[in-house]
Amino acid sequence: MPVDMPDAIAHRILKHFAENARELPWRNPPGQALPLDDPQWPFRVWLSEIMLQQTTVAAVKPYFEAFISLWPSISALAAAADEDVMRAWAGLGYYARARNLLACARAIMADHGGVFPADETELRRLPGIGRYTAAAISAIAFGRRAVVVDGNVERVVARLFAEPQKAKLYALADRITPTDNAGDFAQAMMDLGATVCTPRNPRCQICPVRADCRGRENPEKFPSKPARLARPERQGTAWWISCDDHVLLVTRQPKGLLGGMRGLPTTDWSENLDAPMLFKGEWRRYGMVTHIFTHFRLSLSVMGIDVESGCKLPFVGEWWPKSQIVEAGLPTLFAKAAQLARAMEERNES
Ligand code: SF4
């Protein structure tokens, strides 16, 4: 049984990883010595872990590669302009991560001489680094023993031990984490959860720990899922204000949702859809876009108007060429609204 055989379980998982590891642009191949003499190695691990929070590997890959080519080192990233980083992050979601990324890079330069700490406790003092990320960096970048528990790992451990209670999974993961190869083991568990012990229809027949697994008969029971609360609805209006083939974009307040990002001007996101227009004129109703945020579902009505060059507007913004709107670095919500407005404009012209 797994309780009595933690070393054997770790060994089987590591062996499976050595033979099946996913090739990822931020990864050191399994079994190879960590490139500790490469000063940018922890930087790459950290960057990938921040990007992977709440996001899939497939979505992260192009962003990771773009960031590394734009800012190949912690010092380059720390010196980057906020708006450039926010624009490069656009579309990856959870924008507080991008703000914390910059704050962390600057703290590493200011307080740690440009060198990432290896210790979990010190890592956790940095912006945007919680228990999971600190453990992942400590194990994967520095080879230290650390218990790395993300959603994938929780699922594997819950099934392996047939333990439905989430609160007990960290201690069980600790029990099977080996002293050596903790970085490979962390990544092996993540890969196992992502590719074999998947949320639905786990592939138990090819699983390296099937003989040890207590939850194999009924894997989807583990871990138990909290009751889902209904997601509240919010509403608002976004304004597509055009002038000579340009559209007005604003930079959102630094704090709050999509903080610091470019976007269309909008009402607050709680009002009725029929919000009063910004100013009098021939507004056109383009339609509606919806977007799911973590804690609510937003429906934005998109309204368009043409204005004269030099006219007075009730806020400060920048006139952006519509033909280059994809380069504005709009977060997904506003990219959807821009796409809708452009499509409606084309339809109205034809
Ligand atoms: Fe998951 Fe099945 Fe492997 Fe158990 S045997 S850990 S349920 S894939």
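Figure 1. Glu349 is placed in helix 12, which spans residues 332-349; helices (H or I, at least four residues) and strands (E, at least two) are DSSP runs numbered from the N terminus. The structure is a predicted model, in which local features need pLDDT of at least 70, side-chain atom pairs count only at pLDDT 80 or more, and totals for chains, interfaces and linings use all residues. Residues are numbered from 1 along each chain as its sequence is written, and side-chain values use heavy atoms, with hydrogens and water left out. Glu349 has a relative accessible area of 69% and is therefore exposed (buried means under 20% relative accessible area, exposed over 50%, and partly exposed in between, with a 1.4 Å probe and protein chains only). Together with Asp244, Asp245, Glu308 and Glu346, Glu349 forms a negative surface patch. Such patches are made of residues with over 30% relative accessible area and no salt bridge, like charges being joined within 9 Å and nonpolar side chains (Val, Leu, Ile, Met, Phe, Trp, Tyr) within 5 Å. Asp and Glu count as negative and Lys and Arg as positive, whereas His and the chain ends are not counted. The place of a charge is taken as NZ of Lys, CZ of Arg, CG of Asp or CD of Glu.

**Figure 2. The salt-bridge network of Arg22, Arg27 and Asp191.** These three residues, Arg22, Arg27 and Asp191, are linked in a network of salt bridges, a salt bridge being a side-chain nitrogen of Lys or Arg within 4 Å of a carboxyl oxygen of Asp or Glu. The N to O distance between the side chains of Arg22 and Asp191 is 2.7 Å. This pair links distant parts of the chain, 169 residues apart: Arg22 is in the loop between helix 1 (6-20) and helix 2 (41-52), and Asp191 is in helix 11 (residues 182-195). Arg22 is partly exposed, with 25% relative accessibility, whereas Asp191, at 4%, is buried. In the salt bridge between Arg27 and Asp191, the N to O distance is 2.9 Å. Arg27 also lies in the loop between helix 1 and helix 2, 164 residues from Asp191. Both Arg27 and Asp191 are buried.

Figure 3. Arg87 and Asp84 form a salt bridge in which the closest N and O atoms are 3.5 Å apart. Both residues belong to helix 5 (residues 82-89), where they are three residues apart, about one turn of the helix. Arg87 has a relative accessibility of 33% and so counts as partly exposed; Asp84, at 34%, likewise counts as partly exposed. The count of salt bridges comes to twelve.

**Figure 4. Ser242 in strand 1.** Ser242 lies in strand 1, which covers residues 233-243. With a relative accessible area of 3%, Ser242 is buried. Its side chain is joined to that of Trp240 by a polar contact of 3.4 Å. A polar contact is a pair of N or O atoms within 3.5 Å; within protein, one must be able to donate a hydrogen and the other to accept it, and residues adjacent in sequence count only if both atoms are side-chain atoms.

**Figure 5. Ala134 in helix 8, with the setting of the whole chain.** Ala134 is found in helix 8 (residues 131-142) and is buried, its relative accessible area being 0%. The protein chain has twelve helices and six strands, and buried residues make up 47% of its 350 residues.

How values were computed:
Areas by Shrake-Rupley, 256 points an atom, 1.4 Å probe, with all protein chains shown as cover.
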